[in-house]
Amino acid sequence: MPSSRTVIIAGAGIGGLTAALAIARRGFEVAVFDQAQRLEEVGAGIQLSPNASRILLALGLTEQLRRHVVVPEELRVIDAQTARVLARAPLGAAAERRYGAPYWVIHRGDLQTVLVEAVRAHPGIDLHLGARVKHFTLTEAGVTISARSAQGEFAHHGAALIGADGLWSSLRRSLGHGREPRFAGHSAWRALAPAEAVVPELRAPAVNLWLGSRAHLVHYPVRGGNLVNVVAIIRDDWREAGWSAPAERAEILARYSAATWSATARALLAAPRHWQKWALYDRRPLAHWGTGAATLLGDAAHPMLPYLAQGAAMAIEDAAVLAHRLAETRDNPADAMRRYERLRRSRTARAQRAARRNGMIYQLGGPAASLRRIALGAIGARLLARYDWLYGWTPV
């Protein structure tokens, strides 16, 4: 049996891996379990806003990440039909001065590789792949999990358990949260375009948000500017679970028709050869997350729609706060977890609500879209200040 100082993490996504590093740095042993036989590149780009990047830098990952990130110089909000820039917000050096940490974009696979390499290099962390945590039992000594691997079922004991197993979390259900995720009525289509296949203005170091009617589009460069990450989001009835269903370029081009989308945007959508799609879900904020020495983290606790670009960032924040609380009360992980939850619930719920609200605003049509254009023009360069509550956060 592991020592009573072992913290068990179910899930080796961005949140689970970051939590493993943050908690191990506080002197705990950590055991991470994930049902995947190997950790593959799922998804494409991630925006690492300052609230997330400051945590990764504090974990000693600065140089490893700098090899992979792109520093966007600005956020541009663009009208879908005219290609006119409606608003700009400075990022780059301006954002780093304002928030004390950089605003980066990165390929998800590169971020995952950096985290996995750091986890494997840490002597206090054991990473178990091909092992699915099925359920758990709270004991006087901590938590005992029941897991299954190719070799059969086994038990593992630790002082605490963190469910970081994503949107469809089985541990969330074990903690009494039985309600299924709610479908948002949207699907997201993602692709990577070679930078040389798009015009220079579309591969510039910027985060670009195109606003249309019943659809919007986000793109920015990744992998040193060699690729352009493209995400197209449409209203849709397709709701298949999963993250990487194959999709057809012709279908997404038909949804972004020449009647309502500029030739520039359509040229970007035509550049990638291979597309994947996933249906968008979230959940309502929870009144409580865990019980005893067990809690939830990231999408298992507070899945959110991508319209705030904060899903990964909120999980990274969770990891830092939980590590702090565990270090403060080493002999009482249950108390640490309740204090972690109290600190995180209102902020993550606010981010969930803001993301859902953005999704409605981004896809307005008719007269409402005209009002949106006027409002964005009035906000102008003050756009970034609207997110001070989000990007200016520091671990507590």
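1. Contact, as the word is used in this note, means heavy atoms within 4.5 Å. The model under review is predicted: local features need pLDDT of at least 70, side-chain atom pairs count only at pLDDT 80 or more, and totals for chains, interfaces and linings use all residues. Residues are numbered from 1 along each chain as its sequence is written, and side-chain values use heavy atoms, with hydrogens and water left out.

2. Leu202 lies in helix α7, residues 200-203. Helices (H or I, at least four residues) and strands (E, at least two) are DSSP runs, numbered from the N terminus. Leu202 has 3% relative accessibility and therefore counts as buried; buried means under 20% relative accessible area, exposed over 50%, and partly exposed in between, with a 1.4 Å probe and protein chains only. Leaving aside residues up to four places away in sequence, Leu202 touches Trp210, His219, Val228, Thr264 and Leu268. The C-alpha atoms of Leu202 and Leu268 are 7.5 Å apart, although 66 residues separate the two in sequence.

3. Arg382 belongs to the loop between α12 (366-379) and α13 (388-391). Its relative accessibility is 53%, so Arg382 counts as exposed. From Arg382 to Met314, 68 residues apart along the chain, the C-alpha separation is 24 Å.

4. Helix α1 is largely enclosed by the rest of the structure, because 11 of its 11 residues are buried. Among them are Gly15, Gly16, Leu17 and Ala24.

5. Angles under 35 degrees count as roughly parallel, over 145 as roughly antiparallel, 65 to 115 as roughly perpendicular and the rest as oblique. Axes are lines fitted to C-alpha atoms, for helices over the stretch in contact, and angles run from 0 to 180 degrees between N-to-C directions. In α1, Ile14, Gly15, Thr18, Ala19, Ala22 and Ile23 meet Ala312, Ala315, Ile316, Ala319, Ala323 and Leu326 of α10. The residues of this contact comprise 10 nonpolar, 2 polar and no charged. Here Ala, Val, Leu, Ile, Met, Phe, Trp, Tyr, Cys and Pro count as nonpolar, Asp, Glu, Lys and Arg as charged, and the others, Gly among them, as polar.

6. Helix α5 (residues 108-121) also packs against α1, with axes that come within 10 Å and cross at roughly 30 degrees. The helices α1 and α5 are therefore roughly parallel to each other. From α1, Ile14, Leu17, Thr18, Ala20 and Leu21 meet Arg108, Leu111, Gln112, Leu115, Val116, Ala118 and Val119 of α5. This contact of α1 with α5 divides into 9 nonpolar residues, 2 polar and 1 charged.

7. The model contains an open sheet of 5 strands in the order β7-β2-β1-β11-β18, with parallel pairing. Strands β7 (125-129) and β18 (294-296) stand at the edges with a single partner strand each, so one side of each has no neighbour in the sheet. The twist from one strand to the next averages 20 degrees. Within the sheet, β1 (residues 6-10) and β2 (residues 29-34) run parallel and are joined by 5 bridges; two strands pair if DSSP finds at least two bridges between them. Thr6 has Glu29 as its bridge partner in β2. Helix α11 (residues 333-362) packs on the sheet and touches β11 (160-163) and β18, its direction making about 25 degrees with that of β18.
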